[in-house]
Amino acid sequence: MKSLWVFHVNTGACNGCDIEILDVLIPYYDIERLGVKLVPTPRHAHALLVTGPLTRQAYHAAKMAYEAMPPKPRIVIAVGTCACSGGIFHDSYALRREYRESLEYPLKGGTSEFLPVHLYIPGCPPRPEEILYGIALLKNIVEKKVRGELFREGTFVLPRESFNAWVEVLLRARIRKELGYFDGYSLLRRFMELVESSESKEELEKLVEKTINDEGDSRLRYGLEKLYSYYLEVVRTYEGILAAKRALVGLPK
């Protein structure tokens, strides 16, 4: 596909993601050079850009927009954490609910709960570079546009402790959905520095609490709290596996 015409639908976002979508249209980022054009009607669109969690108020409008699109390719792109997973609105009363056998079942607000999503661009909000990267992935032009790097001899660095490296891999996948590639990864590096500098769980808890109190950005405070809860979850899982193995071979706990 050489060109991609997109129609934008806001299903309940705070407008943060919408502003970033406008950013990619300005001459500085110029997404039209990739053949992407914003169209005023879904009848002419190849792809539907969805921002925000799915609210009850927006459900029918979003469904009508999707059904009005041509049957092929009918691509759905979820932009922002709220569209990907419901984000901070995952337990809001305003989200659409399912009714089965006269009972009401709450949903988490992700776009995939009512539309087949082809591309997720997480972030709160995702930066213009992330939106461009996602669109480039969709159009299979990343390999053509990304520059290669020549190998340079560097200083040999000993591998990190295997447990912390394993934890970082697990946390990286989860924080990317919460905060996106840029903020999420940089925050993860800060958090892992706290983990590696602490000698015990109590010390880590105090360090994380102090960092959260000193942080002025509410999004990063939220990310640190999520990282710490994910970290405790991973540690509990690891300790459970270790205890099961010890019991299997008859070793004391």
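## The cysteines

Cysteine 82 has a relative accessible area of 14%, so it is buried (buried means under 20% relative accessible area, exposed over 50%, partly exposed in between, with a 1.4 Å probe and protein chains only). Its sulfur lies 5.8 Å from the closest cysteine sulfur, that of cysteine 124, which is too far for a bond. Cysteine 84 also counts as buried, at 14% relative accessibility. For the sulfur of cysteine 84, the closest cysteine sulfur is in cysteine 17, 8.6 Å away and too far for a bond.

A disulfide is a covalent bond between the sulfur atoms of two cysteines. Here the term is used for a pair of cysteine sulfur atoms within 2.5 Å, and by this rule the count is zero.

## About the model

This is a predicted model, in which local features need pLDDT of at least 70 and side-chain atom pairs count only at pLDDT 80 or more, while totals for chains, interfaces and linings use all residues. Residues are numbered from 1 along each chain as its sequence is written, and side-chain values use heavy atoms, leaving out hydrogens and water.

## The chain as a whole

The protein chain has nine helices and seven strands; these are DSSP runs numbered from the N terminus (helices are H or I, at least four residues; strands are E, at least two). Of its 253 residues, 41% count as buried. The accessible surface comes to about 15800 Å², with 56% of it belonging to carbon and sulfur atoms (areas are from the Shrake-Rupley method with a 1.4 Å probe; for residues, only the protein chains shown count as cover).

## The nonpolar core

The largest nonpolar core holds 22 residues, and those with the most contacts inside it are Leu171, Phe191, Leu204, Val208, Leu227 and Tyr231. Such a core is a set of buried Ala, Val, Leu, Ile, Met, Phe, Trp, Tyr and Cys residues joined through side-chain atoms within 4.5 Å. Helix 6, helix 7 (181–197), helix 8 (201–214) and helix 9 each give two or more residues to this core, and helix 9 gives the most, with eight.

Which residues does leucine 227 touch, leaving aside its neighbours within four places in sequence? It is in contact (heavy atoms within 4.5 Å) with Leu171, Ile175, Leu187, Leu188 and Phe191.

## Tryptophan 166

Tryptophan 166 is found in helix 6. With a relative accessible area of 36%, tryptophan 166 is partly exposed.
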